[in-house]
Amino acid sequence: MNPLTRRRALVPAVALLAGALLTSCSSDTPPDSPAGASQAAESDKGGDKPSKFFEQAEYERQLKLGKETPQGPAAKPWEQMLEPEMTDTAQYEKKGSGGTHLCFSNAGVFNPWRQVGLKNMKAEVKLHKEISDFTVLDAQGKDDKQISDIQELAGNKDCDALIVSPNTTATLTPAVKEACGKLPVIVFDRGVETDCAVTFVNPIGGYGYGAVAADFLVDKVKPKGKILALRISPGVDVLETRWSAAKLAFDKSELDVVDAKFTDGDPAKTKSIVSDAISRHGSIDGVWMDSGATAVAAVEAFEDAGVDVPPITGEDQQDFLQAWKDKDLTAIAPTYPTFQWRTPVIAALRILDGKQVPKEWKLPQPTVTQANLDEYLQEGMPPLHYAMCGCQDMPGFPKDWGGKK
């Protein structure tokens, strides 16, 4: 199957706080639908059954990509590409004089990950003097609004290229296909069920994320160690793939996953789950998380219980990186980097110049480790800032990202 057509959408799986945790995650199945309820019931005990989202070939592909050296400038991972298959764009070369008008249909800015990402994109636009106009329409997490937004932008003769971050996959596919017949389309972050876009920009993916976190615990926790897996919500594809990859790693190891629980992205519930696990199992030797935004709450639960914080996985949010540093944790932070929001702008300009771009622009997915923690921990940044923004050298940083000099 074409990798471009098997990407599923990622809608916020839980509102507000949980939305802040799901970064770009979503599903075409509403969480309160019968199917969503069934998924929740089946996964209530931690998801021991094989996930319907698991694809062996894609799992193997992502793990292979994680070991590859990307092509492109070393200091600019948002311009790098993994195993690119280039496609010709001569037919889209912009003729004549005048500035370039880029248009962007955004699923929304309903969580900190997307908020940081949009700031990155706007800053990237400012770096290119040839861009005279940049129109952004926010779908506010609503499929019907985004369909209307895409139709409006695709019908705007002033738009030279259209960037789309779809709210969901299947529902947005017809609108994207229609737009592809009118102007060059760049899809990123979330996919659609068509490969009509000139390029699809996205990092390695959920399997790569989950495997990195699990392999860390396999390395750091002694055999027979008790692992607590903290998940946000069932039925969300990128989170399911993260867990699928982790479970495969744990099943091959000598570690014992004693609990796999859903937190709903709630810090209070996270603390309760951790406290209960410590009480019931006597000790917990490692914590795996499919998204790190409640990692600080998990850390605090161990402290409240008066026990050492075991090896733990998190993400590149500022609050976790700060806790890691301050408390000298044994930790790792796989990422779904927000620097990817810069790449669609670069791709659009290359397409309008008639230059080749990858049909699937696969970006690297760096990991924060003990060795590079100081590189990503940025003093004065807000707690929910994502360090893998690739924005540190951009005009307006750190102020425009909510930070202090």
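Me: Does Leu137 count as buried or exposed, and at what relative accessibility?

Reply: This is a predicted model, in which local features need pLDDT of at least 70 and side-chain atom pairs count only at pLDDT 80 or more, while totals for chains, interfaces and linings use all residues. Residues are numbered from 1 along each chain as its sequence is written, and side-chain values use heavy atoms, with hydrogens and water left out. Buried means under 20% relative accessible area, exposed over 50% and partly exposed in between, with a 1.4 Å probe and protein chains only. Leu137 therefore counts as buried, at a relative accessibility of 18%.

Me: Where does Leu137 lie, and which residues does it touch?

Reply: Leu137 has its place in strand 3 (residues 131-138); helices (H or I, at least four residues) and strands (E, at least two) are DSSP runs numbered from the N terminus. Asn106 is 31 residues away from Leu137 in sequence, with 6.1 Å between their C-alpha atoms. Taking contact as heavy atoms within 4.5 Å, and not counting residues up to four places away in sequence, Leu137 touches Phe104, Ser105, Asn106, Asp149, Glu152 and Leu153.

Me: What is the geometry of the aromatic pair formed by Tyr59 and Tyr207?

Reply: Rings of Phe, Tyr and Trp (its six-membered ring) pair if their centres lie within 6.5 Å; planes under 30 degrees apart count as stacked, over 60 as edge-to-face and the rest as tilted. The structure holds 12 such pairs. Tyr59 and Tyr207 form one that is edge-to-face, with 5.7 Å centre to centre and 85 degrees between the planes.

Me: Which helices does the pair of Tyr59 and Tyr207 link?

Reply: Tyr59 and Tyr207 are both buried. They are 148 residues apart, and their pair links distant parts of the chain: helix 3 (residues 56-65) and helix 7 (residues 206-220).

Me: At what angle do helix 3 and helix 7 pack, and how far apart are their axes?

Reply: In helix 3, Glu58, Tyr59, Gln62 and Leu63 meet Gly206, Tyr207, Gly208 and Ala211 of helix 7. Axes are lines fitted to C-alpha atoms, for helices over the stretch in contact, and angles run from 0 to 180 degrees between N-to-C directions. Helix 3 and helix 7 pack at about 65 degrees, with their axes 8 Å apart.

Me: Which residues form one aromatic cluster?

Reply: Phe104, one of the residues that Leu137 touches, belongs to this cluster. The members are Phe104, Trp113, Phe188, Tyr336 and Trp341.

Me: Is Lys224 exposed or buried?

Reply: Lys224 lies in the loop between helix 7 and strand 7 (226-231). It is not a glycine, yet has a positive phi of about 75 degrees. Because its relative accessibility is 63%, Lys224 counts as exposed.

Me: What relative accessible area does Asp264 have?

Reply: Asp264 is in the loop between strand 8 (256-262) and helix 9 (267-281). Its phi is positive, near 60 degrees, in a residue other than glycine. Asp264 is partly exposed, with a relative accessible area of 35%.

Me: Which peptide bond is cis, with omega near 5 degrees?

Reply: Pro398 lies in the segment after helix 13 (373-376). The cis bond runs from Phe397 to Pro398.

Me: What pLDDT does the chain average?

Reply: The chain comes to 13 helices and 14 strands, and 58% of its 405 residues count as buried. The predictor's confidence in each residue is given by pLDDT, from 0 to 100. With 87% of the residues scoring at least 70, the chain averages a pLDDT of 89.
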